[in-house]
Structure formats: structure tokens, C-alpha cells
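Open your viewer and get ready to click along.

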Amino acid sequence: MPSQLPVKVADLWNNEKERDNLKLNSQFEEEAVQKILQIPLMQDTSSDKLCWRFTKNGECNSKSAYREFYKRDNQNLQQVDSQTLALIKATWKDKNIPPKVKVFAWRFLREALPSSLTLNQRISDIPAACCRCGTPESDLHLFFLCPFSRLTWMISGYHFDIDRFQASSRLSLIIAFTVNNGPSRINLSNLFIIMWQLWKARNGFKFQGTFKEPSQVSYLADALISSFSQISSQFALQDNEQSEAGTRRMDTIPNGIRCYLDAAWDNGQTGIGIFFFHNPQNHNAMFIQACSNKAHSALQAELLALQLSLETDMCLNFSGVTYLSDNTTIADTAKKKNFMDDPGHWSLRPFWTQITSSVPIDRI
Ligand SMILES: [Zn+2]
């Protein structure tokens, strides 16, 4: 019964101010009883007093409280694994990372960003869902696995196999692996600047309802990467300039389904076409990866990616698709539509022949 539980040490005494073994044994397990019996009794009539054990006189003061919290914080810092610590140090030292991005990177590496899943784990009323796709928004999802983020990385020209990581992978492991082993050799400053722009775009969408295209996020990151390395002293002015530039660039892309396509080519062996349809109205997205051994150059691989996207578009009966490629040779040829006389490059001619035989020219 709760009313029988002792409230004070004196409740466990008998009338002779000695411990009442009967009470002790009825309230506690044997082990606890033995520990209680080891505590010396004070034969004293003064009343009980709550003591702060970090000062000599038992009084709590702000100086000693601060010292204790500081000690605990330092212990927590020491608990950070060596890989995370090394990354934090490398980030602080990197002269190509703007200070505000450094602070963001530090919060990310310490797993202290308020992503939806993190907040939900502390306050269950806060929804855990990603504001773009509805999947629980962990840091890994927000920055890498969300279709919006995948597309941003792809447009930025960085292909890394993020699916190799488990959901439980340490963030520092992912960053270190990506920087050291990523096929595109992305460096720490570019990686964190793109992630920072993804974070800003996510917050703008979630809290202000402003939607940025993945290509705008990529472009803003590019602008910051190049401008910060050139004029690091003026980085504070760049946000406004970037926003204007990003809007200008996107003005020319019509509404409707967009197909972003890209390809990687490795030493004549394999052409990989990756492309994506994205409808900004309802955020539907489709991500396709394919391999081919038909390409003998990076340029041919790019055209294979276009061919695959055109054929998929026909199969799925999409209409009014805008194709976005970072390859100007292919983009210019597609615009001119004079594929046989002006294929952009002689080696593309057989590929254009194949495309025009299977896809109506007005779809290209
Ligand atoms: Zn998502």
C-alpha cells in the first residue's frame, strides 16, 4: 500500500531510534536492506535537510551548478565518436565553407537538427512525416532518401549510392564515406552547402509554403559554392542575389511533368541512365535507374538516357513532358530537330536514328 511506504528515514526507525528490521524487510528486497543497514545513523534531534552533494556545505549555488552542467556537457562531447569529431574539426577548418553552413553542419553531425522524426520522438503531437512525400522524416531521409533530395543531388552532378546505407547508419559514417569514396569525389564544402540549401528549401516549403524546384536548390548551392570561394568576405550578401538568379533561371521551364535525365559512363563498359519525372503540383515522382553496355562515350550514355526516358514517357502515355539535361550538345540537337545532318557529334548519329525510328519527332 502506498500509504505504508516510508517518506523519511525516520519512518524506518522504532521508538528507540534504531532501525526497525521488521519494517525494513517488509518494504525492501534483501539486497536493499543490506545497503540501508550500512548507512550510519546519526543520533541527533535536528530535522532532515536536503543537501546538494557538489558543495562542501551542502548548499546549492549557481557557480557549482554551472560547473556540474559544464562537466556533464564535456563528458557528452567526449562520447562523440572519433569519426564525428574528426569531421567536425575538418568542417570548422575548411575555408570554403561559409560560417552559417559550418554551424548547420555541426548541428547535423551532432544530430541536433529539428527534423520531423527527431521532434516527434520527443513530442508525439508533432507529425513525423516528411512535408514533401509523407515518409517519416529522419535526417537521412530529409537530405538523401527523399525523392526531392535525390533529384537535387542528381542535378548537382553527384551520383552516390545512398541506398547502400541502413536507416540506422551513423550520419558521420555516411558523410565520411561519401566524401572519401563517392564516385564523383564530392568534397566536404560542396556536400554541406548542398545539404544546407536542401534544409533551407525544406523549411521554406514547410513553414512559408514557398516551393523551390530541385534544380533551383542545386543552382543556389552552385552559386554559393563558387561565390563563397571567390569572395568569402561578402558571403552575407549572397542570399538575395542567389534568390533572384534562381528565379530567373526557372522562369523558362514550362509547367507540367519534368524529366531530369543524366548518365554516368565508366570506361566504355557500362552506360548508366538515371532519370526522374517530377510533377511540382502534386509532388509525384518516379526514379528509374538503368544500365546499358551500348554506349562508348559519356556523350552516348547521355543520349541513351534521353532515349530511355522518351520510350518510358511513351509507354506511360505522359503528355507535355519537359526534358532537362545538363548536356548542351544533346539539348541543342533536340531543339534543332535536324538529327541526321546535325547530330551534334558524329558518334551520336546511330543513336538518333534509333530514337527517331521509335519516338515521334514532336515528342523529342
Ligand atoms: Zn520525403
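Here is a short tour, one stop at a time.

Before you start, note that this is a predicted model: local features need pLDDT of at least 70, side-chain atom pairs count only at pLDDT 80 or more, and totals for chains, interfaces and linings use all residues. Residues are numbered from 1 along each chain as its sequence is written.

**Stop 1: the whole chain**

Show everything as a cartoon. You are looking at 15 helices and four strands; helices (H or I, at least four residues) and strands (E, at least two) are DSSP runs, numbered from the N terminus. Of the 364 residues, 27% count as buried. Buried means that 20 or more other C-beta atoms lie within 10 Å of a residue's own; with 12 or fewer a residue is exposed, and in between it is partly exposed, the C-beta atoms being placed from the backbone.

**Stop 2**

Select residues 82-93, which form α4, and residues 171-181, which form α9. Their axes are 9 Å apart, at an angle of about 60°. Axes here are lines fitted to C-alpha atoms, for helices over the stretch in contact, and angles run from 0 to 180 degrees between N-to-C directions. The two helices are therefore oblique to each other: angles under 35 degrees count as roughly parallel, over 145 as roughly antiparallel, 65 to 115 as roughly perpendicular and the rest as oblique.

Which residues of α4 and α9 meet? Show the side chains of Q83, T84 and L87 in α4, then S172, L173, I175 and A176 in α9. Being in contact means that two C-beta atoms, placed from the backbone, lie within 7 Å.

**Stop 3**

Now select residues 188-208, helix α10. From its first C-alpha to its last, this 21-residue helix reaches 29 Å, close to the 30 Å expected; the expected span is 1.5 Å times one less than the number of residues. Click on G209, which follows α10 and has a positive phi, near 70°.

**Stop 4: two loop residues**

Most residues other than glycine have a negative phi. Keep that in mind and select E111, in the loop between α5 (99-109) and α6 (116-122). Phi of E111 is positive, near 55°. E111 counts as partly exposed because it has 15 C-beta neighbours inside 10 Å.

Finish at K337, in the loop between α14 (328-336) and α15 (349-358). Its phi is near 60°, also a positive value. Is K337 buried or exposed? K337 has 11 C-beta neighbours inside 10 Å, so K337 counts as exposed.
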